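Work through the following exercises with the sequence and the model side by side.

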Amino acid sequence: MSENNHAPVHRKAVGIDLGTTFSAIAHIDQYGKPQIIPNAESERITPSVILFDGNQAIVGTLAKQNAVAEPEKIVDFVKREMGRSKAEFHREFNGKLYTAEELSAIIIKKLKNDAEKYLGERITDAVITVPAYFNDAERTATLHSGQLAGLNVLQIINEPTSAALAYGLDKLESDQTVFVFDLGGGTFDVTIMRIENHHIRMLASNGDHRLGGKDWDDIIVNWVAEEFDKVHGENPLLDLQSYQDLYNRALAAKVQLSTRPATTIVHNYNGKSIKLELTREDFEKRASHLLEKVKTICEIVMQEAALDWSKIDRVLLTGGMTRMPSVREMIRGLSNTEVAEDVSPDEAVSIGAAAQAILALLKEEDQLGERVLPVEVREQFSDRDGGLMKITNITTHTLGVVLWDDAKVEEYVFPMIKKMTAIPVEMKNSFGTAKANMKNAIVRVVEGESTVPGECTPLGLCDIELPPFLPKGSPVELTYRYDANQVLEVTVDAFGKQNRVSIARNVGLSEMELAEATADLSQINVM
Ligand code: AMP
């Protein structure tokens, strides 16, 4: 996605894992080795939490620590809102409305500013990761966030691909099939990857973008609240401050139960107090339906890849929730496979993104015929024949067009690009107009696996004016182009006229809004 035709001599690329609960930033050093870049607080990961204080936006641990004291000034879990329009989601601070893109841009700015101080150089380019099932709107919103933070976004890549890349970086010599299991704070992703001759290929992917650690936290929160209500006849969740406090206690209890068989939770509200004991066994029982959901998705993705577990050489765990023993046992039992422990779940995604970023710069160098990056870096990212290593992604949703079925007298969805197609891809098809003398050909672009239009997500329209008096069945040519960022471009051609629409630009911020938001964000001091 770089718009630079002439690479400036000094470019520094990073990989950014923009997580629901934590974010991380990594780079490739001069020896070609991936490194996490610590923030100004010397932490390797930064909580994705913002505290608005006047004209200042404080991001990270300090903001998180203040969540209880000043919940009204806090924003967290922004990732769950990405892709929603300003009308659907915004937060207001100091009289200004912030979209999910802008809030995420503030988090990226914190990562970027701190990394620049640490490295002592300006960061120009980035690859940002998203969950594999993110749709166009969500990907575009993420892309805009990076741009708003002042970065040239080289690519948006899938978190599991990124984790697999981090894992595979020093294992490219051995061909293997890897099952990447990513259970984070708010989202769940599974991906099957094949590593063969330094080529990382995605075979299948599935997930649930509303399933993650927060759901396990909520189980504890709701249980404590119920018990509190039973004892004191009051619901401690009605007060925002009490809710935040209980939420933090629940999260701590959950983490403790990963290493201890039992924990104690104390909660005070309105001068009243409760002290409860929670065992790991009881917690696991209460959360068993969540684990069941996770298991089902694992089985579905295996079916989609048409593989049985014996074909999986390695299971790779990423996402903080994979530290939970019940999650590990479930996946170990299901796969009967060795579980890779040599990747830090918190760091793998940003490291893979950093690798992808350097690959993009190396590719640009090849195209321009000028080499600036150290030879050691190029060597680390080359295949057996001396070419650059390759990564192939697939589409995670079917992209279709709504058509008219004359025989059944109803609309249906024709799949233009099917789920699990290797990208980038371009598909063309010719259709006949539905009636005689149509004034316009209106292409309705949808995303989803159903043939029923109502069951798919509408992505946008692309229309074209037709010459008068055309007979029914006059040909209209349709092209869907899906690029490496999984952003869709639709073109309609008919009778010498053409209309091209980048579907992604129809959602989220417009070019003008983007420019305005960039100007607005520069007024905020991000710390
Ligand atoms: P991520 O989005 O990948 O950073 O995942 C963060 C999620 O993992 C949050 O829900 C955390 O509470 C959870 N988490 C982190 N460490 C642990 C642990 N040791 N045990 C259980 N959950 C954890």
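Helices (H or I, at least four residues) and strands (E, at least two) are DSSP runs, numbered from the N terminus. The model is predicted, so local features need pLDDT of at least 70 and side-chain atom pairs count only at pLDDT 80 or more, while totals for chains, interfaces and linings use all residues. Residues are numbered from 1 along each chain as its sequence is written, and side-chain values use heavy atoms, with hydrogens and water left out.

**Exercise 1. Locate N197 and P424, and describe the backbone at each.**

Step 1: N197 belongs to the loop between β13 (188-196) and β14 (199-208). Although N197 is not a glycine, its phi is positive, at about 45°.

Step 2: P424 is found in the loop between β22 (422-423) and β23 (425-432), and the peptide bond that joins I423 to P424 is cis, with omega about 0°.

Step 3: As background, most residues other than glycine have a negative phi, and most peptide bonds are trans.

**Exercise 2. Describe the shell around the ligand.**

Step 1: The ligand is surrounded by 13 residues, where a residue counts if one of its heavy atoms lies within 4 Å; the closest are G185, K254, S258, G320 and M321.

Step 2: By class, the shell holds four nonpolar, seven polar and two charged residues, with Ala, Val, Leu, Ile, Met, Phe, Trp, Tyr, Cys and Pro taken as nonpolar, Asp, Glu, Lys and Arg as charged, and the others, Gly among them, as polar.

Step 3: Helix α6 (residues 240-256) gives the most to this shell, namely three residues.

**Exercise 3. Which distances separate polar atoms of K254, S258 and G320 from the ligand?**

Step 1: A polar side-chain atom of K254 is 2.7 Å from an oxygen atom of the ligand, whereas a polar side-chain atom of S258 lies 2.6 Å from a ligand nitrogen atom.

Step 2: For G320, a polar backbone atom is 3.0 Å from an oxygen atom of the ligand.

Definitions and conventions: A polar contact is a pair of N or O atoms within 3.5 Å; within protein, one must be able to donate a hydrogen and the other to accept it, and residues adjacent in sequence count only if both atoms are side-chain atoms.
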